[in-house]
Amino acid sequence: MEERGATKENSRQAAALRTQSRASAPSDLSRVREAAKRGKEVRFTALLHHVTATRLQESFRALNRKAAPGVDGVTWEDYEAHLEERIRSLHERVQRGTYHALPSRRAYIAKPAGGWRPLGVAALEDKVVQHALTTILTEIYEVDFMGFSYGFRPERSAHDGLDALWVSLMHRKVSYLLDADIRDYFHTIDHGYLLRFLEQRIRDPRVLRLIEKWLRAGVLEHGEWSETLQGTAQGAVISPLLANVFLHYVLDTWAHAWRREKARGEVYIIRYADDFVVGFQYRDDAERFLKDLEERMRTFALALHPTKTRLIEFGRFAALNRSERGVGKPETFDFLGFTHMASKERIHGRFYVRRWTIAKRLRAKLHEIRLGLRQRLYLTLDEQGTWLRSVVQGYYNYFAVPGNMQRLCCFRDQVTRCWLQTLRRRSQRSRLPWRSFRLLARTWIPPPRVLHPYPFERFYAKYPR
């Protein structure tokens with residue numbers, strides 16, 4: 001068919017769609033984000049109507065199907081059996097205000113550095129409502145959060161924080177580093193301050209009442225209920241967002257203002273949840289910041305970890321300055337699973353930040369694999385190999401960064417030895433020779449290779465400014 005010519009008077013105006021089905025109207029969440037962008041003085045007085053039955057059902061589908069049940073004992077499959085009726089009932093209770101939060105079930109997981117981390121496993125309906133409300137609140141707070149905050153945020157990951165840290169150390173004027181950690185952060189968040197911070201943006205009393213219900217629902221351990229006067233349940237769906245909101249007002253906005261008003265040199269901040277690193281150009285800035293930071297934390301009932309918080313000399317001139325003073329090599333620091341070391345390039349001898357897997361993390365993962373192989377001792381070789389390949393590949397997906405090849409090769413060698421020892425335990429009459437096992441290991445255990453680009457390439461591609 002012959003095309004119709006363009007209209008002369010309105011040549012720059014976009015033509016309207018012929019049917020409404022060609023494009024959907026702006027969603028309710030996009031309108032919430034647009035309202036948040038108008039200014040930080042905007043207060044949201046009505047938000048609970050966005051928690052619709054459709055959004056609750058989408059939140060249910062987004063949950064982990066294999067997650068452990070809470071105190072109600074309801075699993076994902078059990079709830080799905082009568083999903084339409086349950087979602088309808090849940091939606092009515094939330095809107096009427098008759099919804100009650102159940103206490104979290106206490107569980108413990110092993111820490112990579114040793115010890116146990118307490119978790120709070122919420123009931124399934126609590127997870128669904130928390131996920132739906134988190135989806136709404138994220139649209140508001142993503143407008144407010146600082147650019148140097150990388151933990152538990154959409155389209156941001158731990159590797160983005162690692163890239164930002166590497167670029168700051170390599171391409172910026174950083175000579176001193178504050179490696180900080182907040183002691184028992186998730187369990188020491190003050191509920192009063194948290195609710196006040198939320199009221200800076202949220203003025204819907206029904207939403208605040210929901211959050212308060214989850215904060216004070218308590219914990220059930222060994223059949224005994226205990227009240228939660230402070231902290232958020234680590235493991236709850238909404239806890240990461242609440243933790244980010246709390247630190248946004250306590251740390252992020254304060255630190256951003258401090259470096260603009262009080263710093264004499266350049267200051268760079270990278271935060272992932274309660275772990276953060278601050279780079280300084282001058283030592284006096286670092287010492288004053290640490291002193292002011294400790295006072296700031298005490299004001300909001302927080303405290304820095306005494307052993308995990310250190311002020312070290314790190315940067316391109318650290319090795320030369322320390323050698324002149326006769327105090328040895330620059331110290332290393334750990335951040336997001338990697339040990340960062342001040343090194344030199346082999347060819348040109350220029351300053352280079354090398355990143356290796358933390359030794360404790362490596363040993364903990366190998367111990368976990370040994371236990372997993374013992375549990376699968378009498379499975380077929382194909383079943384063992386399939387499981388082992390997925391575990392090793394998942395390890396590579398995070399730790400296969402440039403400069404970490406030595407630790408990756410060490411990890412694969414140790415995994416291969418663990419599997420060989422496990423297979424030899426299956427029979428006392430015949431021992432599996434190494435020559436026969438090598439082909440098996442090559443088939444199932446993938447070789448290490450770098451899966452991530454150099455940090456500056458990904459960082460400047462994602463943040464062109």
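**Entry 1: the model.** I note at the outset that I am working with a predicted model.

**Entry 2: helices α13 and α15.** I recalled that two packed helices are described by the angle between their axes and the distance between the axes. The crossing of α13 past α15 is right-handed.

**Entry 3: the residues in that contact.** Which residues of α13 make the contact? I listed Ala359, Leu362, Lys365, Leu366, Ile369, Arg370 and Leu373. From α15, the contact is made by Arg407, Cys410, Phe411, Gln414, Val415, Cys418, Trp419 and Thr422. Sorted by class, the contact of α13 with α15 has 10 nonpolar, 2 polar and 3 charged residues.

**Entry 4: the sheet.** I then turned to an open sheet of 3 strands, in the order β9-β10-β11, with antiparallel pairing. Its edge strands are β9 (333-335) and β11 (351-357), each of which pairs on one side only. On average, neighbouring strands of this sheet are turned by 40° against each other, direction ignored.

**Entry 5: β10 with β11.** How many bridges join strand β10 (residues 338-344) and β11? I found 7 bridges, in the antiparallel sense. In this pairing, threonine 339 stands opposite tryptophan 356 of β11.

**Entry 6: a helix on the sheet.** Helix α6 (residues 158-171) packs on the sheet and touches β9, β10 and β11. I noted about 150° between the direction of α6 and that of β11.

Terms used:
Residues are numbered from 1 along each chain as its sequence is written. This is a predicted model: local features need pLDDT of at least 70, side-chain atom pairs count only at pLDDT 80 or more; totals for chains, interfaces and linings use all residues. Side-chain values use heavy atoms; hydrogens and water are left out. A crossing is left-handed if the near helix is turned anticlockwise from the far one by less than a right angle, and right-handed if clockwise. Helices (H or I, at least four residues) and strands (E, at least two) are DSSP runs, numbered from the N terminus. Contact means heavy atoms within 4.5 Å. Ala, Val, Leu, Ile, Met, Phe, Trp, Tyr, Cys and Pro count as nonpolar, Asp, Glu, Lys and Arg as charged, and the others, Gly among them, as polar. Two strands pair if DSSP finds at least two bridges between them. Axes are lines fitted to C-alpha atoms, for helices over the stretch in contact, and angles run from 0 to 180 degrees between N-to-C directions.
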